[in-house]
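Colleague: I have this one open and would like to go through it with you. Start wherever you like.

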Amino acid sequence: SARDGMTAIIEKSPDKMDIVYSRADRIISTNHFQGEVFKADEINQENIRGSDSYERYQRVQELLDRNPKLEFAGVAAILRNQQTLGDSDAGMGNQLAINQLIAHHSVIFRPEKLQVWVSTSPWQLGRYVAYDLNKIFKLTVDSIASGRELYIENLTIPADTFLGTKSYLNFTEYRSMTRELSGYKKEKSPLPQGFEKHYISKNPSLYSAYVNLGQYYLQLKDYGRAYEYYREALRRKLPGEDTRKDLIETADEIYSKINHDNTRH
């Protein structure tokens with residue numbers, strides 16, 4: 001609220017609601033509840049313990065502690081940040097990062113001036129375009145229909161420099177190859193020569209790369225290769241204890257199949 005300088009988070013379930021006010025000059029929301037109403041809620045506690053939400057919350061805190069007074073460009077830098085807690089590399093697209101390279105867009109508000117910045121594609125990496133809502137709300141129908149640009153050019157936040165790097169090209173190729181791998185798995189067809197090594201090289205720190213290959217070999221009932229890839233995934237930084245438990249459970253099931261096959265032979 002620009003009028004009173006207050007910020008709040010509304011937390012809601014089908015049968016309860018809470019309004020959480022900040023006691024400091026910041027308020028952070030990821031994907032878990034923080035207020036008194038839901039504090040002891042078992043589902044919320046499970047989410048905090050098992051998901052990526054709380055560590056991502058800590059990552060936002062970490063970056064805000066380094067930059068206690070932010071202008072709009074500084075806010076954009078945090079929204080675009082791809083590293084995880086402690087500035088660690090968990091692979092491009094890891095759920096522990098603030099920018100997981102999946103979001104359609106993000107928005108920055110300056111309430112006291114009624115200014116708003118909206119990111120452009122891809123994934124919060126394109127330029128942030130600024131608008132003055134004082135002017136937007138006064139536009140006539142003819143002005144809107146004219147097709148003229150409405151943004152404030154001198155407040156534009158430039159595109160992230162990541163877009164011009166080899167890492168960005170690697171990530172786009174990783175996404176493309178992930179779709180290819182899904183097709184090979186569906187058809188149960190062999191991978192092209194060198195596919196696995198090339199695929200991993202595009203995003204070697206991301207656990208999902210190894211899970212995807214593990215699932216492919218599991219579909220082909222090549223349990224030895226599948227087990228190797230699940231073990232590799234478990235050596236990477238995982239987005240929460242729930243993911244770790246799921247991977248361990250699957251790896252154990254695969255290991256049982258390997259032992260069963262060896263015993264039978």
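Modeller: A definition to begin with: two strands count as paired if DSSP finds at least two bridges between them. The model is predicted. In this model a hairpin of 4 residues joins S1 to S2.

Colleague: How many bridges between S1 and S2, and in which sense do they pair?

Modeller: There are 5 bridges, and the pairing is antiparallel. Within the pair, Ile9 sits opposite Val20 of S2.

Colleague: What kind of surface patch do Met17, Ile19 and Tyr21 belong to?

Modeller: A nonpolar one, which also takes in Met6 and Ile10 and has about 520 Å² of accessible area in total. S2 (residues 17–21) is the main contributor, with 3 residues.

Colleague: And Ile10, where is it, and is it buried or exposed?

Modeller: Ile10 is in strand S1 (residues 8–12). Its relative accessible area is 62%, so it counts as exposed, the cut-off being over 50%.

Colleague: Moving on to the other strands. How does S4 pair?

Modeller: S4 is antiparallel to S3 over 4 bridges, and antiparallel to S5 over 5 bridges. On the S5 side, Trp117 stands opposite Ala130.

Colleague: How many residues of S4 are buried?

Modeller: 4 of its 5 residues, which leaves S4 mostly covered.

Colleague: What does Phe72 touch?

Modeller: Leaving out residues up to four places away in sequence, Phe72 touches Ile108, Arg110, Trp117, Leu155 and Ile157. Phe72 itself is in helix H3.

Colleague: Where are Leu101 and Lys188, and is each one buried or exposed?

Modeller: Leu101 is in the loop between helix H3 (72–79) and strand S3 (107–110), and at 1% relative accessibility it counts as buried. Lys188 lies in the loop between H6 and H7 and is exposed, with a relative accessible area of 52%.

Colleague: Which peptide bond is cis?

Modeller: The bond from Ser121 to Pro122 is cis, with omega near 0°. Pro122 is in the loop between strand S4 (115–119) and strand S5 (128–132).

Colleague: Now the helices. Which residues of H7 are buried?

Modeller: In helix H7 (residues 195–202) the buried residues are Phe195, Glu196, Tyr199, Ile200 and Lys202. They span an arc of only 155° around the axis, so they lie on the same side of H7.

Colleague: What do they pack against?

Modeller: Helix H6 (166–187), helix H8 (207–219) and helix H9 (223–234).

Colleague: Last topic, salt bridges. How many are there?

Modeller: The count is 15. One of them joins Lys237 to Glu55, with the closest N and O atoms 3.1 Å apart. That pair links distant parts of the chain, with Lys237 in the loop between H9 and helix H10 (241–264) and Glu55 in helix H2 (residues 53–66), 182 residues apart.

Colleague: How accessible are Lys237 and Glu55?

Modeller: Lys237 is partly exposed at 27% relative accessibility, and Glu55 is partly exposed at 22%.

Colleague: Which network are they in?

Modeller: Arg59, Glu62, Arg66 and Asp87 are linked in a network of salt bridges. Another salt bridge is formed by Arg236 and Glu232, at 2.9 Å from N to O, and Glu232 is partly exposed with a relative accessible area of 26%.

Technical notes: Residues are numbered from 1 along each chain as its sequence is written. This is a predicted model: local features need pLDDT of at least 70, side-chain atom pairs count only at pLDDT 80 or more; totals for chains, interfaces and linings use all residues. Side-chain values use heavy atoms; hydrogens and water are left out. Patches are made of residues with over 30% relative accessible area and no salt bridge: like charges are joined within 9 Å, nonpolar side chains (Val, Leu, Ile, Met, Phe, Trp, Tyr) within 5 Å. Accessible areas come from the Shrake-Rupley method with a 1.4 Å probe; for residues, only the protein chains shown count as cover. A salt bridge is a side-chain nitrogen of Lys or Arg within 4 Å of a carboxyl oxygen of Asp or Glu. Helices (H or I, at least four residues) and strands (E, at least two) are DSSP runs, numbered from the N terminus. Buried means under 20% relative accessible area, exposed over 50%, partly exposed in between (1.4 Å probe, protein chains only). The arc is that of the directions from the helix axis to the C-beta atoms. Contact means heavy atoms within 4.5 Å.
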